[in-house]
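Walk through this model with the coordinates open.

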Amino acid sequence: MIYLGIDVAKSSHVAAALTSEGEVVLKPFSFANSASGFCMLKEKLKLLPNLPLLIGLESTAHYGDNLICFLCGNGYHVAMLNPLQTAAIRKSAIRKTKTDNVDAFLIAKSLMIDGYTELQQTDVQLLKLKGLCKSRQNLILMRTRCKIQLGAFVDQLFPELNGFFRAGLHINVSYTLLKAHPRPAEVQSLHLTYLSNLLQKASRGKYTREDAIRLRELAKQSIGTDSPALALQIQQAITQIELFSLQLKQVDAEITSIMDNMASPIMTIPGIGHLNGAMILSCIGNIQRFSSPCKLLAYAGLDPAVVQSGNFNARSTRMSKRGNSMLRYAPINAAHNVVLNNDTFAQYYNSKVAQGKSHYCALGHTAHKLIRVIFVLLTRNIAFDLA
């Protein structure tokens, strides 16, 4: 067996290879993080002895993703290592030496210990899915910030609008009006027929001529500061919100496409949609990393905290929340829909409520049960058939 360790960096990587007996069969060499560099690596691998080959990389952000896709696409066996493993081997040495060449050998040696997770073809799809889920979270965060800013600008320029729109400020009819006429002075001077048609068309008939009359009266009595600068900020904020919303739709469509191609057993659970399923799968990665449901629960932070001192052991504790926040959020979010679509989960949720637990506490317990079910489905690769 040959173990090839690759120390990943942003612009270039370093690789070195050892046999099972510890013989160096490929001295450390550097190759660029580019197409020519990947081809160079492939040519080097052809020169190795005709023995089974396992390639190992540390899990280091996104720098190795392109290399992983290249290696898996060419049929190589690739394994991911926890950086703590190589750090432990480095500390065991007498001299504290850390160079790219040394790290490549350390990664190869770590593979010999059998503490790695070999990547499958589905793992490459999960890497893409993880990137999309992170992008989606960032887009939602940025859009939320823009909505908060927009609300602050409207409070200064035209505060009466907050009470005028029944469904709140962040709806299509509100954005249409503010993009065209953000200032109260403009609204009060608009022709009534024009304003009525604008509101009626943007709201699909929900706002009538009477609403247009009321809006003009509010504009005349507005206490807002008539500022062209605030008007410009409002228009720009709405443009940004609409851009983020469009980008979210594009990301959601791509996530749906990947999830349909993966055909994961998680999608057979009633109530779990493409987005929640994608967040859960992308955070879990290869299910073989977890030997039991308890370890998966701990990774998500859905396990109960342990409180013990002397002879005292707390019987009731809160959720630890020490883990992957997205993997904790998605099952709790999905649990609500699962309860609505499956009798077994509904009975479990209702039993927790009957015990006096709050809605969110009961959902947490349901998410705990859901994670255990997901572990079984992914481990055995079977469909959900619980009535």
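Start at Phe290. Its relative accessible area is 10%, under the 20% limit, so Phe290 counts as buried. The model is a predicted one. Tyr299 has a relative accessibility of 28% and is therefore partly exposed. The rings of Phe290 and Tyr299 form an aromatic pair. Their centres are 5.3 Å apart, and the planes make an angle of 50°. That geometry is tilted.

The structure holds 7 aromatic pairs. Another of them joins Phe165 and Tyr207. Here the arrangement is edge-to-face, with 5.8 Å from centre to centre and 70° between the planes. This pair links distant parts of the chain, as its residues are 42 apart. Phe165 sits in the loop between helix 6 (161-164) and helix 7 (172-180). Tyr207 sits in the loop between helix 9 (192-202) and helix 10 (209-220). Are these two residues buried or exposed? Both Phe165 and Tyr207 are buried. Ring pairs also bring in Phe164, giving a cluster of Phe164, Phe165 and Tyr207.

Now step back to the whole protein. Its secondary structure comprises 16 helices and 8 strands. Of the 387 residues, 41% are buried. Take the contacts between residues at least 6 apart in sequence: 63% of these join residues at least 24 apart.

Helix 13 contributes Pro293, Cys294, Leu296 and Leu297 to the contact. Helix 16 answers with His368, Ile371, Arg372 and Phe375. By class, the residues of this contact are 6 nonpolar, 1 polar and 1 charged.

On the helix 15 side, the residues are Thr344, Phe345, Tyr348, Tyr349, Lys352 and Val353. They meet His359, Ala362, Leu363, His365, Thr366, Lys369, Leu370 and Val373 in helix 16. This contact of helix 15 with helix 16 has 8 nonpolar, 4 polar and 2 charged residues. The spacing in such lists has a background: an α-helix has 3.6 residues a turn, so residues three or four places apart point the same way.

Turn to helix 11 (residues 228-262) and helix 12 (residues 274-284). Their axes come within 9 Å and cross at roughly 70°. Helix 11 and helix 12 are therefore roughly perpendicular to each other. From helix 11, the contact takes in Asp252, Ile255, Thr256, Met259, Asp260 and Met262. From helix 12 come His274, Leu275, Gly277, Ala278 and Leu281. The contact of helix 11 with helix 12 divides into 6 nonpolar, 3 polar and 2 charged residues.

In helix 12, look at Asn276. Its relative accessible area is 8%, so Asn276 is buried. Leaving aside residues up to four places away in sequence, Asn276 touches Ala330, Asn333, Ala334 and Asn337. In helix 11, look at Leu232. With a relative accessible area of 45%, Leu232 is partly exposed. Leu232 and Pro182 are 50 residues apart along the chain, and their C-alpha atoms are separated by 8.4 Å.

Finish at helix 2 (residues 65-73). Which of its residues are buried? They are Leu67, Ile68, Phe70, Leu71 and Cys72. Gly75 follows helix 2, and its phi is positive, near 85°.

Technical notes:
Residues are numbered from 1 along each chain as its sequence is written. This is a predicted model: local features need pLDDT of at least 70, side-chain atom pairs count only at pLDDT 80 or more; totals for chains, interfaces and linings use all residues. Side-chain values use heavy atoms; hydrogens and water are left out. Contact means heavy atoms within 4.5 Å. Helices (H or I, at least four residues) and strands (E, at least two) are DSSP runs, numbered from the N terminus. Ala, Val, Leu, Ile, Met, Phe, Trp, Tyr, Cys and Pro count as nonpolar, Asp, Glu, Lys and Arg as charged, and the others, Gly among them, as polar. Rings of Phe, Tyr and Trp (its six-membered ring) pair if their centres lie within 6.5 Å; planes under 30 degrees apart count as stacked, over 60 as edge-to-face and the rest as tilted. Buried means under 20% relative accessible area, exposed over 50%, partly exposed in between (1.4 Å probe, protein chains only). Axes are lines fitted to C-alpha atoms, for helices over the stretch in contact, and angles run from 0 to 180 degrees between N-to-C directions. Angles under 35 degrees count as roughly parallel, over 145 as roughly antiparallel, 65 to 115 as roughly perpendicular and the rest as oblique.
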